[in-house]
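Please look over the structure below before reading on. The questions that follow take up one topic after another.

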Amino acid sequence: MKKWARGLVVCAATAVLSIGAACMAYAAEGEINVNGTGVVQADPDTADISLEISTDGKAAQAAQKENNRITAAVTKAMTDLNVKKDDIVTAYTSVYPTYRYNDETGKRTITGYHAETHLQVKTKDINNTGKYIDAALQAGATGTKRAFSFSIADQSKYYGQALQAAVKNAEKSAAAIAQAYGKPLGAVKNVSEISRNYYYMNTDSNAKSSMMATEDAVADGGLGTTISYGKIEITANISVTYGF
């Protein structure tokens, strides 16, 4: 019995020494945590155009009927320019009454009805974006809420390049830190993707004002709208832990 107890004490002591050694080794091992960012710029390949059709009528049905007629004309103008029907989407449509307010009686009186339809048009012919806007205006598109944006249909290729750049930049930062401490950079212990960003840059600030200024000229058969575009900036951010 005493031999068994003595043996148990020896085993326990050995276990304590082993745990202590492991803790000391972990405490002596250093880590470097760094973030890396990679940025890639690329030309857009898709234009998204928002078109508004607004009509008024004494009756809701009349306002909607005229709105449907113009919407069909605008849609035809887009398909005549080889835009696929699947790339013309109705984003919003509504009909609502318009009122006149009487200050003396405090009552509202319906004066008519207003109908609105918003179309989203997508095209790969980004160098001629203004051409589609002009055609829509000539077909009856109205309002000042029209807008356009440029994008890349498939970002995966460029995002992969941004990730690779982020990895290289993270390694450079970690190596500089390790060198400052006079130690070699160890192996990668952990990598996490922090975020991805998709940012349109270098937009022509005169594009919208030019588009609105030429609205009357386009309707009268004058010069068309000119729109330029800039680069798409795709950013990848990672966090990396190195041993050293």
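Q: In which strand is the place of His114?
A: This is a predicted model. In it, His114 has its place within a strand, and that strand is strand 4.

Q: Is His114 buried or exposed?
A: A residue counts as buried under 20% relative accessible area. His114 has 11% relative accessibility, so His114 is buried.

Q: Which side chain forms a polar contact with the side chain of His114?
A: The side chain of His114 reaches the backbone oxygen of Thr55 at 3.4 Å, but that is a backbone atom. The polar contact that joins His114 to another side chain has a length of 2.8 Å. The partner there is Asp56.

Q: Which residue stands opposite His114?
A: Leaving aside neighbours within four places in sequence, His114 is in contact with Ser54, Thr55, Asp56, Ser94, Val95, Tyr96 and Thr98. One of these stands opposite His114 in the strand pairing, namely Tyr96.

**The strands**

Q: How many bridges join strand 3 to strand 4?
A: Strand 3 covers residues 88–101 and runs antiparallel to strand 4. Val95 has Ala115 in strand 4 as its bridge partner. The number of bridges joining strand 3 to strand 4 is 13.

Q: Which residue in the turn of the hairpin has a positive phi?
A: Strand 3 and strand 4 form a hairpin, with six residues between them. In that turn, a positive phi of about 75 degrees belongs to Gly106.

Q: In which sense do strand 2 and strand 4 pair?
A: Strand 2 spans residues 46–57 and strand 4 spans residues 108–123, with eleven bridges between them. Leu51 stands opposite Leu119 of strand 4. The sense of the pairing is antiparallel.

**The nonpolar cores**

Q: Which residues touch the most other members of the largest nonpolar core?
A: Nonpolar side chains tend to be buried together in soluble globular proteins. The largest nonpolar core here has 22 residues. Those touching the most other members are Leu51, Val74, Met78 and Val121.

Q: Which residues is Met78 in contact with, leaving aside its neighbours within four places in sequence?
A: Met78 belongs to the largest nonpolar core. Outside its sequence neighbours within four places, Met78 is in contact with Leu51, Val83, Ile88, Val121, Tyr132, Ala135 and Ala136.

Q: How many residues are in the second, separate core?
A: The second core is separate and includes Ile32, Ala170, Ala178 and Tyr242. The number of residues in this second core is nine.

Q: Is Thr79 buried, partly exposed or exposed?
A: Thr79 lies in helix 2 and touches Lys85 and Ile88, not counting residues up to four places away in sequence. A polar atom of the Thr79 side chain lies 2.9 Å from the backbone oxygen of Lys76. The relative accessible area of Thr79 is 25%, so Thr79 is partly exposed.

Q: Where is Asn82 found?
A: Asn82 is not a glycine, although its phi is positive at about 70 degrees. Its relative accessible area is 70%, which makes Asn82 exposed. Asn82 is found in the loop between helix 2 and strand 3.

**Helix 4**

Q: How far does helix 4 reach from its first C-alpha to its last?
A: Helix 4 covers residues 156–180, which is 25 residues. At 1.5 Å a residue the expected span is 36 Å, and the helix is close to that value. From first C-alpha to last, helix 4 reaches 36 Å.

Q: Which residues of helix 4 are buried?
A: Just after helix 4, Gly182 takes a positive phi of about 70 degrees. Within the helix, the buried residues are Tyr159, Ala162, Ala166, Ala170, Ala174 and Ala178.

**The whole protein**

Q: How many helices and strands does the protein have?
A: Along the sequence the pattern is α-β-β-α-β-β-α-β-α-β-α-α-β. The secondary structure comes to six helices and seven strands.

Methods:
Residues are numbered from 1 along each chain as its sequence is written. This is a predicted model: local features need pLDDT of at least 70, side-chain atom pairs count only at pLDDT 80 or more; totals for chains, interfaces and linings use all residues. Side-chain values use heavy atoms; hydrogens and water are left out. Helices (H or I, at least four residues) and strands (E, at least two) are DSSP runs, numbered from the N terminus. Two strands pair if DSSP finds at least two bridges between them. A nonpolar core is a set of buried Ala, Val, Leu, Ile, Met, Phe, Trp, Tyr and Cys residues joined through side-chain atoms within 4.5 Å. Buried means under 20% relative accessible area, exposed over 50%, partly exposed in between (1.4 Å probe, protein chains only). Contact means heavy atoms within 4.5 Å. The expected span of a helix is 1.5 Å times one less than its number of residues. A polar contact is a pair of N or O atoms within 3.5 Å; within protein, one must be able to donate a hydrogen and the other to accept it, and residues adjacent in sequence count only if both atoms are side-chain atoms.
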